[in-house]
Amino acid sequence: MADLTYTPPKVWTWESENGGQFASTNRPIAGPTHDKELPKGEHDLQLYSLATPNGVKVTILLEEMLEAGIDAEYDAWLIKIGDGDQFGSGFVEANPNSKIPALVDHSGDSPVRVFESGSILLYLAEKFGAFIPDAPADRTQTLNWLFWQMGSAPYLGGGFGHFYVYAPEKFQYPIDRFTMEAKRQLDVLERHLAENEWMAGDQYSIADIAIWSWYGQVLLGRVYDAQEFLDAESYTNAMAWAKKILERPAVQRGIKVNRTWGELSDQLLERHSAADFDTATQDKVQAAE
């Protein structure tokens, strides 16, 4: 039987071909790899993203604001992380961490760059005074759950998702380790939602948007295709919450923006106006070619 035990070297060195779906875009250094300016549309808010769980947090919030009559118009530009767009000089200037999403707000005297999805949600909520409670206690609960998601989801994504879906080989130990943590986190949600309609009580907020984009989509089978493996239906309160959010028109629009996979009718590669949902999804684009 082969010895699968790994003995780490005294000093780790980078082997660029280390396997896995995202091996070609992962590297142990920061900074740009090539010069490429970011495009800019006509709106103050310029979003550079991809419809991953972190990406859809922002497009859902922006669409929710527009649905509520708030003037939060935006341009959403596609960043193809598989092609290394996030390492272009313009994107690195917007986000030195080279991760989507990145937002640039041009409404002031000088552009404001905002990166990290949780920071973008909080920035927009405070800028427009929406989807975050005014009362200090309720606001604190919203931030508690927003930061819970930001701290917990790497175990769901980089841990469970990576080893269950993307790793080039399947090993029981990491899958068991991160499945246990993913299910513990789902149980945290299940217990909380047994006593609360929304994450911060009786108000739908940026906490719900952030958490749904990861955990709700996992429960619904939209991410990782792990519903059966995780026994998703057993989390009845969390599942009901996830389904209720998916029914929201703004959510249905937000999850289409910057999406490059799935049904062609669900792929809106770029978004520059509300009309794009009716005219620029990939089914319409390809039919017109």
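Contact is taken here to mean heavy atoms within 4.5 Å. On this criterion, in the predicted model, Asp208, Ile211, Trp212, Gly216 and Leu219 of helix α6 meet Ala238, Met239, Trp241, Ala242, Ile245 and Leu246 of helix α8. By class, this contact of α6 with α8 comprises 9 nonpolar residues, 1 polar residue and 1 charged residue. Helix α6 spans residues 206-219 and helix α8 spans residues 236-246. Their axes lie 9 Å apart and the helices pack at an angle of about 110°. Because angles of 65 to 115 degrees count as roughly perpendicular, α6 and α8 are described as roughly perpendicular to each other. The crossing of the two helices is left-handed.

Helix α6 also packs against helix α4. For this pair the angle is about 25° and the axes are 8 Å apart. Angles under 35 degrees count as roughly parallel, and α4 and α6 are therefore roughly parallel to each other. The crossing of α4 and α6 is, again, left-handed. On the α4 side, the contact is made by Thr142, Trp145, Leu146, Trp148, Gln149, Ser152, Ala153, Leu156 and Gly157. The residues contributed by α6 are Ile206, Ala207, Ala210, Ile211, Trp214, Tyr215 and Val218. This contact of α4 with α6 divides into 12 nonpolar and 4 polar residues, with no charged residue. Ile211 of α6 takes part in the contact with α4 and also in the contact with α8.

Apart from residues up to four places away in sequence, serine 152 touches Gln185 and Tyr215. Tyr215 belongs to the α6 side of the contact between α4 and α6, whereas Gln185 is among the buried residues of α5. Glycine 159 likewise lies in α4 and is buried, with a relative accessible area of 2%. When its neighbours within four places in sequence are left aside, glycine 159 is in contact with Pro154 and Phe178. Phe178 is one of the buried residues of α5. The C-alpha atom of glycine 159 is separated by 8.1 Å from that of isoleucine 175, although the two residues are 16 residues apart along the chain. Isoleucine 175 is also buried in α5.

Helix α5 (residues 172-193) contains 22 residues. From its first C-alpha to its last, α5 reaches 31 Å, close to the 32 Å expected at 1.5 Å a residue. The buried residues of this helix are Pro174, Ile175, Phe178, Thr179, Glu181, Ala182, Gln185, Leu186, Leu189, Glu190, His192 and Leu193. An α-helix has 3.6 residues a turn, so residues three or four places apart point the same way. The cover over the buried residues of α5 includes α4 (136-166), α6, α7 (227-230) and α8.

The packing of α5 with α8 was described in the same terms. The axes of these helices come within 7 Å and cross at roughly 80°, and α5 and α8 are therefore roughly perpendicular to each other. Leu189, Glu190 and Leu193 of α5 make the contact with Thr236, Asn237, Ala238 and Trp241 of α8. Its residues divide into 4 nonpolar, 2 polar and 1 charged. Glutamate 195 is placed in the loop between α5 and α6 and is exposed, with a relative accessible area of 71%. The C-alpha atoms of glutamate 195 and asparagine 237 are separated by 9.1 Å, and the two residues are 42 residues apart along the chain.

Backbone geometry was also examined in loops. The peptide bond from isoleucine 100 to proline 101 is cis, with omega near 0°. Proline 101 lies in the loop between α2 (89-94) and β3 (102-105). Positive phi values occur at glutamate 116, where phi is near 75°, and at phenylalanine 131, where phi is near 65°. Glutamate 116 lies in the loop between β4 (112-115) and α3 (117-128) and is partly exposed, with a relative accessible area of 35%. Phenylalanine 131, by contrast, is buried, with a relative accessible area of 13%, and is placed in the loop between α3 and α4.

Note on methods:
Residues numbered from 1 in each chain as written. Predicted model: local features only at pLDDT ≥ 70, side-chain atom pairs only at ≥ 80, totals over all residues. Heavy atoms only, no water. Axes fitted to C-alpha atoms, helices over the stretch in contact; angles between N-to-C directions. Helix = DSSP H or I, 4+ residues; strand = E, 2+ residues; numbered from the N terminus. Parallel < 35°, antiparallel > 145°, perpendicular 65-115°, else oblique. Left-handed = near helix turned anticlockwise from the far one by under 90°. Nonpolar A, V, L, I, M, F, W, Y, C, P; charged D, E, K, R; others polar. Expected span 1.5 Å × (residues − 1). Buried < 20%, exposed > 50% of the residue type's maximum accessible area, 1.4 Å probe, protein only.
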